[in-house]
Amino acid sequence: MLLSASLSSSDRVMLLRPFSTFRPALLSSSLSKTRTLRSFAWPSTKPTLMASISTASTEKGASSTDQEPQKQLQPPARPLQVAKRLEKFKTTIFTQMSMLAIKHGAINLGQGFPNFDGPNFVKEAAIQAIREGKNQYARGHGISDFNSAIAARFRKDTGLEVDPEKEVTVTCGCTEAIAATMLGLINPGDEVILFAPFYDSYEATLSMAGAKIKCITLRPPDFSVPVDELKSAISKNTRAVLINTPHNPTGKMFTREELELIATLCIENDVLVFTDEVYDKLAFEAEHISMASLPGMYERTVTMNSLGKTFSLTGWKIGWAIAPEHLTWGVRQAHSFLTFATSTPMQWAAATALRAPDSYYEELKRDYMAKKAILVEGLEAVGFVVYPSSGTYFIVVDHTPFGLENDVAFCEYLIQEVGVVAIPTSVFYLNPEEGKNLVRFTFCKDEDTLKAAVHRMKQRLRKI
Ligand SMILES: Cc1ncc(COP(=O)(O)O)c(C=O)c1O
């Protein structure tokens with residue numbers, strides 16, 4: 001993956017035989033225009049790698065003592081290098097805001113990771129798997145026990161019977177499911193429709209795949225699908241539509257009518273649907289509907305999901321993609337050369353997680369609804385315009401009552417002067433202007449943290 005980030009399509013690279021099988025595959029996704037693998041490019045990448053390692057350790061907040069030995073080894077500074085397909089993407093906003101939170105001692109309601117731990121029964125299963133020596137490479141598409149657990153949960157949730165061996169692929173988090181789906185099924189120049197605001201990895205991954213993005217904006221207060229815009233956007237030239245329900249950042253859940261409209265248009269125009277459902281178990285105000293369960297849709301849908309949100313184990317990065325065999329083929333081809341396989345003991349534990357009784361999910365929802373109430377009531381009392389959120393652990397608000405010019409300025413002010421972190425939503429749009437009035441808060445934090453953040457905002461947030 002590092003290779004495809006640092007090479008552009010016109011770059012030439014010579015491979016020395018023998019080479020590991022994954023290298024030609026990655027290079028071919030990097031070098032879509034010229035497939036000639038000629039002049040040798042490694043020397044120029046070395047200093048860049050060292051520069052990026054030193055940047056990375058600074059970003060993670062390494063102490064200056066940690067960095068001393070590296071200083072002596074560093075070559076003269078050179079401009080950072082990145083392939084054209086990734087030039088426009090900067091350090092993700094989540095990392096930037098989390099770093100600022102540490103710097104200013106701010107309460108982090110920005111990045112969506114819980115500040116509490118995952119359940120013991122899952123952690124114990126991982127420890128047991130490690131102790132039992134389940135520690136070598138897993139089968140590429142997943143250990144059979146986990147594939148079966150994923151298929152069983154999908155059947156319970158959607159009524160669909162899928163073949164765990166042929167239609168389920170285990171990936172490194174949903175992030176890799178997204179990447180493998182795009183890289184495995186999208187050709188350079190293919191048109192893909194996104195709904196903005198969107199999770200930031202979609203645009204970057206589509207850019208790596210060389211896709212042409214068409215964006216449809218969901219607007220407040222209810223972020224509903226603009227029917228006429230969608231009808232005129234989808235055509236025979238469209239390869240895929242990407243949806244995310246429940247939706248990050250807005251908390252919107254696509255209604256049955258909206259999903260049926262998308263489904264009808266996709267069937268009429270022979271279009272695929274990629275659906276990111278990582279928040280399916282955090283559906284509070286509406287019933288989660290999987291696109292794949294609509295009539296005629298399974299055969300053209302890739303459903304992507306992961307363990308992280310539902311089991312408060314975002315650091316485990318265990319995900320999966322479910323698709324009919326003819327689409328799974330492309331997903332697996334890309335997956336084979338991105339990561340090949342995912343952590344073995346964590347897959348054993350993930351299988352245990354997915355077999356959790358219904359009471360686990362009920363308790364999760366109850367806990368999150370209590371947290372959500374604290375944050376929503378707090379944000380309303382502080383003076384934000386709070387938009388309804390049906391699912392996920394996010395709330396989007398309009399910050400303009402406080403008089404700052406845009407979302408980034410507001411978030412900087414909020415961190416520095418109030419001591420609370422939120423995420424500016426302009427990063428979730430192709431046209432940042434569209435998100436300039438909105439910021440996102442998360443409630444995946446313990447109740448005391450949420451109350452403390454609300455207290456700070458009540459005390460310190462003033463109209464400017
Ligand atoms: C909509 C959405 N999709 C995918 C992901 C990434 O999931 P994972 O951590 O399993 O890679 C996130 C994480 O925040 C997300 O919000």
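Let me start with two helices, α7 (residues 144-158) and α13 (residues 344-354), whose axes come within 8 Å and cross at roughly 25°; the axes here are lines fitted to C-alpha atoms, for helices over the stretch in contact, with angles running from 0 to 180 degrees between N-to-C directions. What we have is a predicted model, in which local features need pLDDT of at least 70 and side-chain atom pairs count only at pLDDT 80 or more, while totals for chains, interfaces and linings use all residues. Residues are numbered from 1 along each chain as its sequence is written. Helices (H or I, at least four residues) and strands (E, at least two) are DSSP runs, numbered from the N terminus.

With that crossing angle, α7 and α13 are therefore roughly parallel to each other, a label for angles under 35 degrees, whereas those over 145 count as roughly antiparallel, 65 to 115 as roughly perpendicular and the rest as oblique. On the α7 side the contact is made by Asp 145, Phe 146, Ala 149, Ile 150 and Arg 153, and these meet Gln 347, Trp 348, Ala 350, Ala 351 and Leu 354 in α13; two residues are in contact if their C-beta atoms, placed from the backbone, lie within 7 Å. Of the residues in this contact, seven are nonpolar, one is polar and two are charged (nonpolar covers Ala, Val, Leu, Ile, Met, Phe, Trp, Tyr, Cys and Pro, charged covers Asp, Glu, Lys and Arg, and the others, Gly among them, are polar).

Stepping back to the whole protein, there are 16 helices and 13 strands, and 42% of the 464 residues count as buried. By buried I mean that 20 or more other C-beta atoms lie within 10 Å of a residue's own, with exposed being 12 or fewer and partly exposed in between, the C-beta atoms again being placed from the backbone. Among contacts between residues at least 6 apart in sequence, 74% join residues at least 24 apart.

Now to strand β8 (residues 318-322), where five of the five residues are buried. Which residues point which way from β8? Ile 318, Trp 320 and Ile 322 point one way, Gly 319 and Ala 321 the other, and all are buried. β8 pairs with strand β2 (residues 168-172) in the antiparallel sense over five bridges, and the bridge partner of Thr 169 is Ala 321; strands pair if DSSP finds at least two bridges between them. Strand β7 (residues 301-306) also runs antiparallel to β8, joined by four bridges, and here Ser 306 has Gly 319 as its bridge partner.

Elsewhere, four strands form an open sheet in the order β9-β10-β13-β12, with antiparallel pairing. At its edges stand β9 (385-386) and β12 (423-424), each with a single partner strand, so one side of each is left without a neighbour in the sheet. Helix α14 (residues 358-382) packs on this sheet, touching β9, β10 and β13 (438-442), and its direction makes about 10° with that of β10.
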